[in-house]
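Visitor: I have a structure to go through and some questions to ask. Could you show it to me?

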Amino acid sequence: MPLVAASKKPSQFDPKTFLSTIDGGRKIAAFPKKQPIFVQGDTSDAVFYIQKGKVKLSVVSTNGKEATIGILNEGDFFGEGCLTGQSFRLCSATAMSDCSVMRIDKKSMMAVLHREHAFSDMFVAYLLTRNIRYEEDLVDQLFNSSEKSLARILLLLAHFRKEDAPEVVIQETLAEMIGTTRSRVSFFMNRFRKLGFIDYHTGDELQVHSSLLNIVLHD
């Protein structure tokens, strides 16, 4: 009987392994709180993935006014504009807490997107989800009250997942995100605390309870 060579089973690609290991084109760096990861106008040549921490995206106008356009958490990507031919960063990315961030250069990112369907499916699903969130943010600013907008932002920052257990979030840039004054934010935050929706803690940290959803759902 002729001998038949056993076929070697190809190793399965694991997106989680790819996003947690250092290899050609991938580096991991630590950024302390408030340290820039990149700034507006920098060369756009890599995509970033947050392994740990929170990152703020912001833009500065020609007259020096700064606006926060997003706050990202563990498991989020940013800087993907380089994949569409963007030569320079249109916004700045700054660590809101101590962060661990993976940098994937453009060439490596393009290669894995074309080669590995599991990764490209995950990446596209992430971009679509984030785009929907940005559209909801825009509708929220256009049609909802400042109080309801603040409640929604706090729930998003706390990674609200319909549990009663509170999550720790950082109170920063809330006025910029909902387009109101800091005094109005302070007024609503005090009201939420009196109603038991949030709890203040030391420093800039606070806890957000799932009961705050009542504000968002109330007409």
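Visitor: Is Lys-34 buried or exposed?
Guide: This is a predicted model. Lys-34 sits in the loop between strand E1 (26-31) and strand E2 (36-38). Exposed means over 50% relative accessible area. Lys-34 has 63%, so Lys-34 is exposed.

Visitor: What is the phi of Lys-34?
Guide: The value is positive, in a residue other than glycine. Phi of Lys-34 is near 75 degrees.

Visitor: Where is Gln-12, and how far in space is Gln-12 from Ala-118, C-alpha to C-alpha?
Guide: Gln-12 is found in the segment before helix H1 (15-18). Its relative accessibility is 78%, so Gln-12 counts as exposed. In sequence, Gln-12 and Ala-118 are 106 residues apart. In space, C-alpha to C-alpha, they are 9.7 Å apart.

Visitor: How many disulfides are there?
Guide: A disulfide is a covalent bond between the sulfur atoms of two cysteines. The cut-off is a pair of cysteine sulfur atoms within 2.5 Å. By this rule the count is 0.

Visitor: Is Cys-99 buried or exposed?
Guide: Buried means under 20% relative accessible area. Cys-91, at 14%, counts as buried. Cys-99 has 5%, so Cys-99 is buried.

Visitor: What is the order of strands in the open sheet?
Guide: The sheet has 4 strands, and the pairing is antiparallel. E2 and strand E5 (66-72) stand at the edges, because each has a single partner strand. Neighbouring strands are turned by 30 degrees against each other on average, direction ignored. The order is E2-E7-E4-E5.

Visitor: Which residue in E5 is the bridge partner of Lys-56?
Guide: Strand E4 (residues 55-60) pairs with E5 in the antiparallel sense, over 6 bridges. The partner of Lys-56 in E5 is Ile-71.

Visitor: How many aromatic pairs does a search of the whole structure find?
Guide: A pair of aromatic rings is described by the distance of the centres and the angle of the planes. Centres within 6.5 Å make a pair. The search of the whole structure finds 13.

Visitor: What kind of pair do Phe-38 and Phe-78 make?
Guide: The pair links distant parts of the chain, with Phe-38 in strand E2 and Phe-78 in strand E6 (residues 77-78), 40 residues apart. Both Phe-38 and Phe-78 are buried. Their ring centres are 5.9 Å apart and their planes stand at 35 degrees, so the pair is tilted.

Visitor: What is the angle between the planes of Phe-192 and Phe-197?
Guide: Both Phe-192 and Phe-197 are buried. They form a tilted aromatic pair, 6.5 Å centre to centre. The angle between the planes is 55 degrees.

Visitor: Which residue lies over the face of Phe-38?
Guide: A charge sits over a ring if CZ of Arg is within 6 Å of the ring centre and within 35 degrees of the ring normal. Here the distance from the ring centre is 4.3 Å. The residue over Phe-38 is Arg-89.

Visitor: Which element gives the most to the largest nonpolar core?
Guide: This core has 30 residues, and Leu-19, Ile-37 and Val-55 are among those that touch the most other members. Several elements each supply at least two residues, including strand E7 (92-95), strand E8 (99-105) and helix H3 (117-143). With 5 residues, the one that gives the most is E3.

Terms used. Residues are numbered from 1 along each chain as its sequence is written. This is a predicted model: local features need pLDDT of at least 70, side-chain atom pairs count only at pLDDT 80 or more; totals for chains, interfaces and linings use all residues. Side-chain values use heavy atoms; hydrogens and water are left out. Buried means under 20% relative accessible area, exposed over 50%, partly exposed in between (1.4 Å probe, protein chains only). Rings of Phe, Tyr and Trp (its six-membered ring) pair if their centres lie within 6.5 Å; planes under 30 degrees apart count as stacked, over 60 as edge-to-face and the rest as tilted. Two strands pair if DSSP finds at least two bridges between them. Axes are lines fitted to C-alpha atoms, for helices over the stretch in contact, and angles run from 0 to 180 degrees between N-to-C directions. A nonpolar core is a set of buried Ala, Val, Leu, Ile, Met, Phe, Trp, Tyr and Cys residues joined through side-chain atoms within 4.5 Å.
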